[in-house]
Amino acid sequence: MDTNNNNIIDEISTILLDKNASSGQTKQCKIKLQDIINQDPLNFDAWYLLGIYYETETYDSQNAKYCFEKALEIDPNNEKADTAGRYLIVNILSDCIGEM
């Protein structure tokens, strides 16, 4: 990943963690993350943050799950992979309980 993408990823991470970020800012984050993924489909951080975007900004658990799965496929040993894995486990358990 190039330095420019590293800087963009850092900025996006800061915005997505900011409870006071505007919806316009977070939507721009989504667009930037999709651009990074189009340039570098194996970018763990972009997939991971896109999953966070979907889960926290749009409450779209299906897209969040897909993004976290992609991140885990790319780098299952990444320190953030543990968070993504926990999210997927909780999501699977929720689905199972919902089917009962």
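Which residues have the most contacts inside the largest nonpolar core? In this predicted model, the largest nonpolar core has 22 residues, and those with the most contacts inside it are Leu-16, Leu-33, Tyr-48, Leu-49 and Leu-50. Two or more residues are given to this core by each of the elements H1, H2, helix H3 (44–58) and helix H4 (61–74), and the greatest share comes from H3, with nine residues. Leu-33 touches Ile-9, Ile-12, Ala-46, Leu-49 and Leu-50, when residues up to four places away in sequence are not counted.

The packing of the helices H1 and H2 was examined next. Helix H1, which spans residues 3–17, packs with helix H2, which spans residues 23–39, at an angle of about 150°, and their axes lie 10 Å apart. Because angles over 145 degrees count as roughly antiparallel, H1 and H2 are described as roughly antiparallel to each other. The crossing in which H1 passes H2 is left-handed. On the side of H1, the contact is made by Asn-5, Ile-8, Ile-9, Glu-11, Ile-12, Ile-15 and Leu-16, while H2 contributes Gln-25, Thr-26, Cys-29, Lys-32, Leu-33, Ile-36 and Gln-39. Sorted by class, this contact has eight nonpolar, four polar and two charged residues.

For the protein chain as a whole, the secondary structure comes to five helices and zero strands, and the order of elements from the N terminus on is α-α-α-α-α. Of the 100 residues in the protein chain, 35% are buried. Among the contacts in the protein chain with a separation of 6 or more, 45% are accounted for by residues 24 or more positions apart.

How values were computed
Residues numbered from 1 in each chain as written. Predicted model: local features only at pLDDT ≥ 70, side-chain atom pairs only at ≥ 80, totals over all residues. Heavy atoms only, no water. Axes fitted to C-alpha atoms, helices over the stretch in contact; angles between N-to-C directions. Helix = DSSP H or I, 4+ residues; strand = E, 2+ residues; numbered from the N terminus. Parallel < 35°, antiparallel > 145°, perpendicular 65-115°, else oblique. Left-handed = near helix turned anticlockwise from the far one by under 90°. Contact = heavy atoms within 4.5 Å. Nonpolar A, V, L, I, M, F, W, Y, C, P; charged D, E, K, R; others polar. Core = buried A, V, L, I, M, F, W, Y, C linked by side-chain atoms within 4.5 Å. Buried < 20%, exposed > 50% of the residue type's maximum accessible area, 1.4 Å probe, protein only.
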